[in-house]
Amino acid sequence: MKVFGIVGWKDSGKTGLMERLVAELVGRGLSVSTVKHAHHMFDVDQRGKDSWRHRRAGAREVMLASASRWVLMHELRDADEPPLDSLLGKMSPVDLVLVEGYKRGGHPKLECHRSSVRQPLLALSDQSVRAVASDSPEDCDARQPVFNLDDTTEIANFVLSETGLGP
């Protein structure tokens with residue numbers, strides 16, 4: 001399984017690019033999964049529902065299944081957050097896993113950058129950032145390739161090239 005990350009500061013366009021890349025790459029015939037890192041508490045089920053009640057009662061894992069999908073929720077219960085590699089090992093094999101976040105990880109990444117966010121480029125100090133996608137590419141002072149943030153096709157080509165999945 002190949003892994004490639006999309007990183008950047010809050011509101012830099014990561015999620016929009018992830019969504020477009022998944023659609024583009026799946027449209028090219030690849031199997032793609034995603035990992036999204038959250039820096040805050042989140043919940044995938046609803047207060048008062050059966051699965052929520054099971055977790056609240058103390059279950060370590062709760063699987064919710066239907067004819068359409070299944071999800072496995074694992075409560076850490078004060079354990080340390082697992083590293084990305086450990087989480088990737090729990091996923092079914094695919095051609096490519098796109099990772100949103102985990103900006104400090106050592107996996108190859110592309111940085112999303114919006115001039116309006118007014119944050120420094122991560123690419124200047126992180127060698128695992130292989131390229132930058134920006135809404136103002138002409139203003140990026142990066143040593144890596146710089147793409148227009150909206151040029152999904154070229155960014156997809158770059159990701160495939162970097163991961164060995166394309167030309």
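A search of the whole structure finds zero disulfides, a disulfide being a pair of cysteine sulfur atoms within 2.5 Å. The sulfur of cysteine 112 lies 11 Å from the closest cysteine sulfur, that of cysteine 140, and this is too far for a bond.

| Residue | Relative accessible area | Class |
|---|---|---|
| Cysteine 112 | 1% | buried |
| Cysteine 140 | 14% | buried |

The model is predicted, so that local features need pLDDT of at least 70 and side-chain atom pairs count only at pLDDT 80 or more, while totals for chains, interfaces and linings use all residues. Residues are numbered from 1 along each chain as its sequence is written, and side-chain values use heavy atoms, with hydrogens and water left out.

Six strands form an open sheet with parallel pairing, in the order E2-E5-E1-E6-E7-E8; strands are DSSP runs (E, at least two residues) and helices are runs of H or I (at least four), numbered from the N terminus, and two strands pair if DSSP finds at least two bridges between them. The edge strands, each pairing on one side only, are E2 (32-36) and E8 (146-148). Strand E7 (residues 129-134) pairs with E8 over three bridges in the parallel sense, and alanine 133 has phenylalanine 147 in E8 as its bridge partner.

Helix H1 (residues 14-27) packs on the sheet, touching E1, E2, E5 and E6, where contact means heavy atoms within 4.5 Å.

Notes: Axes fitted to C-alpha atoms, helices over the stretch in contact; angles between N-to-C directions. Buried < 20%, exposed > 50% of the residue type's maximum accessible area, 1.4 Å probe, protein only.
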